[in-house]
Amino acid sequence: MLQITPEKFGHVDITPTGPFEAGSFQSISLVYTTGFYGIDDTGGIKVVFRRVNDQTAPQFTHPEELGYTTLELPDHVEGVLTYDPHGNQRPWNRVLQVKLTKGNLRQGDTIKICIGDQRQGSKGIRLQTFCENASEFRVLVDCFSVQNYQSVPNPASFQITSGEPLRWVAVLPTYIGSDDTFRLSFKVDDSWGNPCNGRGQTLKLKSNMPVLGLPETVCFEPGKKAYVIEGLKTDDIGCLTVSLSNEDGIELVTSNPMRIRHNADLRHFWGDLHGQSAETVGTNTARDYFQFALDLSFLDITAHQGNDFQITESFWQELNRLTHEFTNPNRFVVLPGYEWSGNTNLGGDRNVYYLNEGCAIRRSSHALVRTEPNEPTDCCTAEILFNTLLESKDPVVTYAHVGGRYADLRAGHNGKIEQSVEIHSAWGTFEWLLHDAFDLGYRMGIVANSDDHKGRPGASYPGASLFGAYGGLTCFLMPELTRKALFESLQRRHHYATTGTRLFLDVRVGFENPAEIFHRDPLWHNEASEPTDTAIMGDIVAVSDNEVDLSVTVDAPCSVERIEVYDGRELVEIIRNYKSHSADRRIRILMEGAEHRGRGRIVKWDGRLIFKNNSVTCLKPINFWNPEQQPELTSDGSISFKAITTGNSVGFDVWLADERSGEIVFESNQTTFNIQLS
């Protein structure tokens, strides 16, 4: 009896072997050499890439264009080369397939694929835009022509590294007390958002108020990707910023503003609680994921949220070990958890976070794990999930999430566990989920995360993929940085969300007559209220006043265009921070929206902006995250653009030679219109 063993499937070699710069153009030769079995007629191989890989899709018909890919076979066989981005089981979805159409291969024969063949003028293939320790070209073979593709041992892999330094980032805490010490963290990213080697640069530091312990200069040591200065102190109150300049005095970046008050009861801590690593559908290891959040995106709080149907028992135990290891109270907090990934009609995606390690993972299905379905811990609907979590007595909270699937609040919700909706991530912006909650009468806090799949929690750039947005952040208001304080912040909705910007936001209401404050939602909890004369964001209060005083304070690292105040869905007031005549020559054009709620929500914008009887003196893009697709001022004075939106917005500011003359013509695949500037 012939024993089928993987060692007889052959082997794979690639040249060159790297490392390669993220987003660089390469030509990679992959050679598969057949093993003992050979490949029978109509059999073949599949070269599979990870789902999140945003490298150029191969094409076979235009030798001079990007992604041109060729096939070489022995003379005695013929075959075809095809590409299918959804041709294999996740996470190895993307498939470059060779199928033999005539003849068979014997032991020692080769299949050669040149991915990004540059011999006829193509630039090659643009590799993925994010760093990876071992980016794999995994090969599967159907030796016996039975459509059963099996892995060839020892997949070909290479390292993807960061590119040239381009964009500096400096981070301060957002809100501290005047007696607190603090740290300054900074790094430099390449054009795709990957942290780079500091290369021994000397930097000058300058603050807008005296800071004890802040050096005048620092040397960014070669090999380091981040620099942190601990133990800083200021005796002043107000709003502190620190700027970084190079040796020539050219300013590189200014930090986010840090608000300092005498009696700061609730500090502000930043978190990205949603993302995945390569053990499920992401990039690099879970340990790399937590290390990046701590060291390279300077987060205070994070969590790993692998799809439940892809988390094995061994990986669940490993995640629990890592969350325990990385949690360091008052420095870095990690919550154990997972993403419950039920089908939309069964409740849709929910992020599940535990206070403690050692809790059960409650799967929506066993789609990609080799364990028996219908285990006692399984929860196939959101309603069953909530009931089971309550019965377990384990301290737990959940978010309603929109990803590939979206959370359907009508199909399941429990206010004892779920107090927040995620309205922004790398998938896009989803204010409609908050509107669903309002329509159903729920009191919900607002969070934003990245759902990062590229190994960059807290600093999740979309790259060249169809993720159209930069990942979000949530700021938690807490007296101290501990898991217990974080859970209290979540349960009282004491937090706010941003699309990735670290800004100080303080929202509070004052009452002329005493009001009653509820620390838990009275719709779901039977707890007594307390008297109060003020409330902050997230609080639930019963008031007797006909009018209240709303106070909003914002310190942002950039200009604030407007503040909109809503009562539920109703827009109450718009507050603008500038006078209309101050920006007369500047015109802002924004494109936004999504096609629908599901996976195919992407809106493609392809068009141009024409200026008749006027001209553009300056152009500044907004949210064009892909450095290869920037709006361009053409020789005829028009602006051409290509972009995508997934609920978020993209656009540009233009400064005109004359603020009142002429006409703007907007032409795109979505809509066309004219505006008279007068």
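Rings of Phe, Tyr and Trp (its six-membered ring) pair if their centres lie within 6.5 Å, with planes under 30 degrees apart counted as stacked, over 60 as edge-to-face and the rest as tilted. By that rule, ring pairs link Phe624, Phe641, Phe652, Phe666 and Phe673 into a cluster. Please keep in mind that this is a predicted model, where local features need pLDDT of at least 70, side-chain atom pairs count only at pLDDT 80 or more, and totals for chains, interfaces and linings use all residues. Residues are numbered from 1 along each chain as its sequence is written, and side-chain values use heavy atoms, with hydrogens and water left out.

**Aromatic pairs**

- Searching the whole structure turns up 26 aromatic pairs.
- One of them is Phe624 with Phe652, a stacked pair at 6.2 Å centre to centre with 25° between the planes.
- Phe624 sits in the loop between β43 (616–622) and β44 (632–633) and Phe652 in strand β46 (residues 649–656), so this pair ties together parts 28 residues apart in sequence; helices (H or I, at least four residues) and strands (E, at least two) are DSSP runs, numbered from the N terminus.
- Phe624 and Phe652 are both buried, where buried means under 20% relative accessible area, exposed over 50%, and partly exposed in between (1.4 Å probe, protein chains only).
- Phe641 and Phe652 have ring centres 5.7 Å apart and planes at 55°, so their pair is tilted.
- Because Phe641 lies in strand β45 (residues 639–645) and Phe652 in strand β46, that pair ties together parts eleven residues apart in sequence.
- Phe641 is buried, and Phe652 is too.

**Charges over rings**

- A charge sits over a ring if NZ of Lys or CZ of Arg is within 6 Å of the ring centre and within 35 degrees of the ring normal.
- Lys8 places its charged end over the ring of Phe36, 5.0 Å from the centre.
- Over the face of Tyr149 lies Lys46, at 4.5 Å from the ring centre.

**Backbone points to check**

- Most residues other than glycine have a negative phi, and most peptide bonds are trans.
- Thr15 and Pro16 are joined by a cis peptide bond with omega of about -10°, and Pro16 is in the loop between β1 (11–15) and β2 (20–21).
- Arg90 and Pro91 are also joined by a cis peptide bond, with omega of about 10°; Pro91 is in the loop between β7 (78–84) and β8 (94–102).
- Asn284, though not a glycine, has a positive phi of about 60°; Asn284 is in the loop between β24 (267–272) and α1 (286–295) and counts as buried at 14% relative accessibility.
- Asp451, also not a glycine, has a positive phi of about 50°; Asp451 lies in the loop between β32 (445–448) and β33 (473–478) and is buried, with a relative accessible area of 3%.
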